[in-house]
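I wrote down each thing as I looked it up.

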Amino acid sequence: MGHLFSRRDFLLQAGGAASTLGLALLTGSCESCVQQIAHRPIRRNIAHLAANDPIVETYKAAVSAMKALPMSDPRNWTNQASIHNNHCPHGNWFFLPWHRAYLLYFERICRKLGGNKDFALPYWNWTQQPSIPSHFWGAGNPLYDSTRVATASDVVPSEFVGQPVMDSILSEPNFLLFASGESTTQRGFSTYGELEATPHNNIHNFVGGHMATFMSPLDPVFWCHHNMIDCCWVDWNLVRHNNNTNDSTWMNFAFSDFVDEAASPVSVKVVTTLLMPILSYQYEPCEPGEPAPAGLSPAQTQALQQFVKRGAPAQLKFTQRFAPPRALTGSVGKPVTGSIKVEPEALRAVFESGSKAQLVLRLGGIDVPSKPEFFVRAFVNKPDATIQTPLEDPHYAGSFGFFIDKTAMRMPESESSPIGVLVNLSPTLRRLGAGGAISKQQALDIQLVAVPYPRREAKGEQFTLRQLELGMMPLPGAGQP
Ligand code: C2O
């Protein structure tokens with residue numbers, strides 16, 4: 001590849017090794033690239049690594065080395081966290097690709113500063129191991145962060161990360177509902193999709209301390225949390241073959257916030273991040289039943305690259321809109337109900353046997369405090385819903401959290417941050433409809449119950465809701481020529 005790319009280009013070009021290797025592979029010109037891709041590092045489940053495993057030792061050494069670097073070096077530990085504080089996209093569709101690229105360059109920095117060329121960042125599988133792993137505890141341990149609120153024995157509630165909720169998220173075929181909503185700017189607030197709203201946001205707030213802020217990468221568990229989020233995206237996209245959106249605003253968007261292991265700035269396009277798990281790393285499976293990483297032939301690798309570069313249109317069509325006459329305010333101990341008119345035909349479409357159409361609720365214009373100490377449970381037609389209502393109740397529709405840091409966003413605390421959340425109501429409606437109770441209804445009532453996180457009181461904290469919209473979400477690609 002020397003004749004195609006100079007060493008400098010190799011380091012500075014968007015995507016670095018990913019795009020270079022990809023091109024060489026497509027032209028069939030590089031036998032060592034084929035080998036490099038086949039043997040790309042495997043990101044392991046940290047639960048499978050002993051406390052003194054070389055991967056864990058390298059991670060510790062790298063974190064210590066980064067903490068020891070001067071502030072003039074962009075690879076310095078605090079500087080790495082500041083990249084996140086100043087640029088991280090949340091509540092929009094740049095969330096997944098931005099954090100993927102952030103992780104990749106961080107992993108390379110660890111490989112170099114930890115002095116282990118075989119290093120791959122391990123992940124924290126909170127579904128299989130719902131407490132912060134032992135590797136991150138102990139005074140003097142570089143992986144420990146003393147600001148955490150959660151303790152080593154606290155268990156993440158299964159409504160955030162349990163197998164049933166993860167199964168339902170990973171089997172959601174629509175990118176806009178799985179990932180997060182459209183935005184033309186990196187930090188624009190749009191809507192949280194299910195992966196971001198439920199496991200992602202709630203883990204941040206469950207851990208607490210630095211993790212509840214946009215300086216969260218100061219806690220080494222941040223990187224292993226995001227690595228699990230990335231593994232979920234890889235599973236959804238490359239193992240289950242769901243398409244990302246092919247919207248060119250998304251595909252061509254470039255992030256210029258990162259530095260590589262040589263401390264040189266890098267710029268990465270979204271489309272390049274899609275190739276990273278095909279060309280630069282792979283995962284020990286994070287989902288039960290997922291096949292172990294196996295060598296793909298060059299032809300299979302090419303086919304996978306073509307698949308991710310193609311994507312598919314992802315649509316969300318709102319059919320019913322309802323703006324409450326006044327903003328609705330809820331707080332811990334004071335659930336709030338929003339009512340939304342529905343057309344019985346739209347409801348019936350969801351119940352038709354074999355229907356794959358999803359009925360989606362968009363809660364919009366939600367204002368929450370910075371670092372909220374509560375999350376929200378949504379129920380359908382459950383007027384007496386409270387914090388005590390069991391999650392087995394058939395009216396329960398989901399639990400979502402908010403990860404917002406107004407200081408990092410340079411917003412006064414009093415300024416509203418109108419974020420939205422998408423909630424797929426179809427499973428709940430099908431369940432309720434099975435009793436025959438719902439299909440003739442003219443309106444749906446949505447109850448929102450604020451619940452404090454474990455060890456938090458959320459005293460006096462409120463949320464305000466300004467919009468309720470109901471949308472039909474066709475299967476991706478449905479109706480396309
Ligand atoms: Cu940008 Cu989970 O953080």
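Entry 1, terms. I count a salt bridge when a side-chain nitrogen of Lys or Arg lies within 4 Å of a carboxyl oxygen of Asp or Glu. The model is predicted, so to speak of local features I need pLDDT of at least 70, and side-chain atom pairs count only at pLDDT 80 or more, while totals for chains, interfaces and linings use all residues. Residues are numbered from 1 along each chain as its sequence is written, and side-chain values use heavy atoms, with hydrogens and water left out.

I looked up the secondary structure and found 16 helices and 15 strands. Both are DSSP runs numbered from the N terminus: helices are H or I with at least four residues, strands are E with at least two. The protein has 481 residues, and 60% of them are buried. Buried means under 20% relative accessible area, exposed means over 50%, and partly exposed is in between, with a 1.4 Å probe and protein chains only.

A contact means heavy atoms within 4.5 Å. Taking contacts between residues at least 6 apart in sequence, I read that 78% join residues at least 24 apart.

How many salt bridges does the rule give? The count is 17. One of them joins glutamate 284 to arginine 44, with N to O at 2.8 Å. This pair links distant parts of the chain, 240 residues apart. Glutamate 284 is in the loop between β5 (282-283) and α14 (298-310), and arginine 44 is in the loop between β1 (42-43) and α4 (54-68). Is glutamate 284 buried or exposed? At 14% relative accessible area, glutamate 284 is buried, whereas arginine 44, at 29%, is partly exposed.

Arginine 75 and aspartate 73 form a salt bridge with their closest N and O atoms 2.8 Å apart. Arginine 75 is buried at 11%, and aspartate 73 is buried at 12%. Lysine 382 meets aspartate 384 at 3.6 Å, N to O. Here lysine 382 is buried at 15%, but aspartate 384 is exposed at 52%.

Which residues are linked in a network of salt bridges? I listed Arg43, Arg100, Glu107, Arg111 and Asp230.
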